[in-house]
Amino acid sequence: MILFACRCLKLSCQGKTNWHAVLEQIFQVGVKSLGMTVTAGLFVGAIMALQIDVQLKDFGAEAFLGGLSTSTTLRNVGPVLIAFLLSGKVGAYTSAELGTMEVTEQLNAIRLLGADPVEYIILPRAWAVVISSFLLLIVGLMVTILGGVVFSQFIGVNPLSYIQNIPRIVTGWSLGLSIIKSFIFGLLIAIVSCYKGYKAHGGAVGVGVAVQSCAVTNLILIIFVDFFLSMLSSLLQDVLQVGYF
Amino acid sequence: MIQIEKVTKSFNERKVLDNVSLSIEKGECVFILGKSGVGKSVLLKAIVGLIEIDCGSITVGGLKVDPTSQETLSQVRKGCGLVFQFSALLDSVNVFENICFGLRARGLKFSEENLSRLVKDKLAITGLSEAVLERYPTELSFGAQKRVSIARALAVEPNYLLFDEPTTGMDPIAIQGINRLIIELSTQLKVTTVVVSHDIKSALEVGKRIVLLEHGRVVFDDKPENFKNSTVPLAREFQLGL
């Protein structure tokens with residue numbers, strides 16, 4: 001998979017990406033996933049607000065709800081949950097499409113006609129998944145914050161107070177971490193889904209195995225990478241003494 | 001000329017091709033027959049480097065087929081057109097784009113007008129109307145997909161045209177149409193044609209030479225008229241199917 005990713009990167013650096021095809025694919029995988037991302041994001045924000053409020057009530061610290069809920073969402077829960085959703089929708093779609101192309105010999109036909117299937121088919125899809133996933137994650141995170149704000153009034157927290165508390169606790173470091181995670185998760189989903197689809201074999205069963213493997217690998221990698229990024233962020237914050245409120 | 005020398009290929013521990021040697025001269029129309037799973041399609045794909053053989057050698061037009069050398073492989077494939085068993089048309093583009101895909105991929109520059117004319121000419125050879133050009137492969141019948149696949153292979157003006165089970169799954173009228181097309185391509189366009197099939201009737205009608213594979217080996221290699229009188233057991237089995 002690493003060699004595959006390096007090959008895609010090499011082709012990209014050589015300017016072999018067909019950006020027109022990338023835009024088409026962004027519409028296919030990105031735009032069509034917007035509704036699901038927005039809906040899920042709203043509920044993730046609401047759930048975070050609800051759960052954190054329960055904990056804060058024990059300490060009489062409901063005033064910190066906006067900041068803590070948003071910070072937790074941005075730093076961790078938001079990127080991970082939305083990445084899970086996208087790996088299911090975008091990742092599964094891409095691996096199924098590429099897997100079907102492989103088992104029906106469309107990729108062989110492309111090779112025979114003088115094109116490189118990685119360059120012609122996979123690279124635009126990979127870039128579309130990276131870009132779409134990143135943008136969808138950002139939109140998703142913004143919507144989770146909105147979900148928290150909207151839901152706060154149902155749990156007796158003034159939405160204005162919720163919003164005013166956000167900049168007190170959410171730092172640039174949280175925002176930066178969130179953006180970095182969003183990009184890396186998007187990259188993971190792209191590489192895993194394209195690779196699994198490209199390597200499918202054995203007819204319909206093979207495509208099924210590829211999609212299942214894509215989903216599982218994405219979930220595990222997202223969790224592992226989230227852990228390491230969170231650890232690294234924490235260590236860097238301690239060393240650089242930044243990012244604290 | 002296609003030269004196949006002592007080619008062996010195994011998958012896991014199952015030997016599919018066992019020391020196969022074969023020469024196909026320029027302009028010949030050769031049918032490679034055998035039961036299902038005997039290695040016919042594997043041989044066809046090995047000729048164009050889609051499958052790497054275990055030992056032996058294959059040369060096409062004087063070029064050695066070497067899957068490890070992208071440059072050589074590219075040169076070999078420039079002269080070949082392969083019509084896949086299930087057409088392998090690109091689902092995401094329409095018929096027009098499918099047919100001219102090879103031309104665009106090879107960087108050949110055409111004006112839109114010339115490209116359109118070329119695509120229509122190739123489509124006409126296969127007997128399809130221009131009405132299908134805007135359609136997508138999933139909107140076509142199996143027979144129409146096969147014809148589009150042939151047009152796509154012809155668009156790159158190949159010296160060698162390879163067919164993988166061209167008549168499988170088709171009705172008798174469609175089979176006749178495909179057979180006529182292969183005869184025209186072979187006799188009028190002088191394209192070297194290799195057809196992998198288990199359709200003995202088409203082989204006897206269309207082929208100028210029949211090669212019979214059994215257990216990965218060549219057991220018969222001669223003219224169709226000699227096939228009818230052959231005493232090779234598998235040949236007699238095929239004759240019973242007539």
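How many residues does the contact take from chain A, and how many from chain B? Keep in mind, as you look for them, that this is a predicted model. Select the two sides of the contact, and you will have 10 residues from chain A together with 15 residues from chain B. If you then colour the side of chain A that touches chain B by class, you will find 4 nonpolar, 4 polar and 2 charged residues there.

Next, stay in chain A and select helix α4, residues 65-103, together with helix α6, residues 117-152, whose axes come within 8 Å and cross at roughly 145 degrees. The crossing in which α4(A) passes α6(A) is right-handed, and the residues of this contact divide into 16 nonpolar, 11 polar and 1 charged.

Now move to helix α8 of chain A, residues 172-198, and pick out I180(A) within that helix. I180(A) counts as partly exposed because 14 C-beta neighbours lie inside 10 Å.

Finally, turn to chain B and select the open sheet of 4 strands, which runs in the order β2-β1-β4-β5 with antiparallel pairing. At the edges stand β2 (14-24) and β5 (63-64), and each has a single partner strand, so one side of each is left without a neighbour in the sheet. Strands of a sheet pair through backbone hydrogen bonds. To look at one pairing, select β1 (residues 2-11) and β4 (residues 55-60) of chain B, which pair in the antiparallel sense over 5 bridges, and then find Q3(B), which stands opposite T59(B) in β4(B).

Technical notes
Residues numbered from 1 in each chain as written. Chains lettered and ligands numbered in written order. Predicted model: local features only at pLDDT ≥ 70, side-chain atom pairs only at ≥ 80, totals over all residues. Contact = placed C-beta atoms within 7 Å. Nonpolar A, V, L, I, M, F, W, Y, C, P; charged D, E, K, R; others polar. Helix = DSSP H or I, 4+ residues; strand = E, 2+ residues; numbered from the N terminus. Buried ≥ 20, exposed ≤ 12 C-beta atoms within 10 Å, placed from the backbone. Pairing = 2+ DSSP bridges. Axes fitted to C-alpha atoms, helices over the stretch in contact; angles between N-to-C directions. Left-handed = near helix turned anticlockwise from the far one by under 90°.
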